[in-house]
Amino acid sequence: MSSKLSELRSLSTVFPRTKLPRLTRNDLGRSIPRRGGKITPVIAAYLLKIAGWRTVGYIPDIPQAVVLALPHTSNIDGVYAIPSLFALDLKISIMGKHTLFKVPVLAQLLRWIGIIPIDRGNKGSVLQASIDKFKMGEPLFLGLSPEGTRKYTEKWKTGFYYLALEANVPILPVALDYKTKEIRFLSLIYPTGDIEADLPKIYNQYYGVIPRHPERLSQPLQDVNNAAH
């Protein structure tokens with residue numbers, strides 16, 4: 001076991017987190033974006049159970065939010081995160097290159113998965129296109145990874161914050177904790193425009209969360225854990 005992993009596990013024992021309730025698709029309100037699946041949620045829930053993972057927390061009954069997936073240190077994260085979304089029948093959209101949608105059959109599949117076509121060629125177009133999607137008023141949970149990489153990073157990319165601020169939607173943090181084998185839906189943060197005050201409110205919710213590769217944990221989340229000493 002790495003020294004970083006040992007340190008984080010020790011920390012989570014000394015400062016235990018509040019136990020969150022199990023979250024199922026029956027707990028989701030009518031305003032939340034849904035996939036509308038019947039068989040897929042059952043299969044996904046079974047696969048999660050076999051893997052020993054569970055989904056906990058609470059999702060307010062709102063139609064729009066910027067969803068943060070953290071910490072993201074491995075491609076394996078999706079093996080647990082994606083089935084959890086399918087089990088909830090929750091539709092979280094992500095952005096993908098628009099060129100992928102040139103093939104009709106593939107385009108149909110991508111849209112079903114929840115991928116939104118974005119032209120990344122024009123500077124600033126991604127942020128504006130995302131804001132425009134929210135402005136359309138349709139139910140939309142847009143998933144983003146502010147770390148921007150699966151490796152260690154000193155800072156988060158802050159585009160997610162300004163997106164939520166300009167679109168006037170809340171930020172919903174989600175954590176993947178490999179110690180407890182939980183996908184946690186945490187408390188909403190409503191951006192005030194004071195990013196220096198709002199970011200710590202997000203960071204603090206990830207206190208004690210252990211990723212698959214603790215040595216790759218981003219610096220802001222390391223700082224949250226170190227501050228508890």
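T73 touches R150, P211, R212, H213, R216 and L217, leaving aside residues up to four places away in sequence; contact means heavy atoms within 4.5 Å. T73 sits in the loop between β2 and α3 (77-88). Helices (H or I, at least four residues) and strands (E, at least two) are DSSP runs, numbered from the N terminus. T73 is buried, with a relative accessible area of 1%. Buried means under 20%, exposed over 50%, and partly exposed in between (1.4 Å probe, protein chains only).

The model is predicted: local features need pLDDT of at least 70, side-chain atom pairs count only at pLDDT 80 or more, and totals for chains, interfaces and linings use all residues. Residues are numbered from 1 along each chain as its sequence is written, and side-chain values use heavy atoms, with hydrogens and water left out.

An open sheet of 5 strands has the order β1-β7-β6-β2-β5, with mixed pairing. Strands pair if DSSP finds at least two bridges between them. β1 (54-57) and β5 (140-144) stand at the edges; each has a single partner strand, so one side of each lacks a neighbour in the sheet. The twist averages 25° from one strand to the next. Axes are lines fitted to C-alpha atoms, for helices over the stretch in contact, and angles run from 0 to 180 degrees between N-to-C directions. β6 (residues 171-177) and β7 (residues 182-185) run antiparallel, joined by 4 bridges. D177 has E182 in β7 as its bridge partner. Helix α6 (residues 159-167) lies across β2 (64-70), β5 and β6, at about 165° to β2.

I43 lies in helix α2 (residues 40-51). At 48% relative accessibility, I43 is partly exposed.
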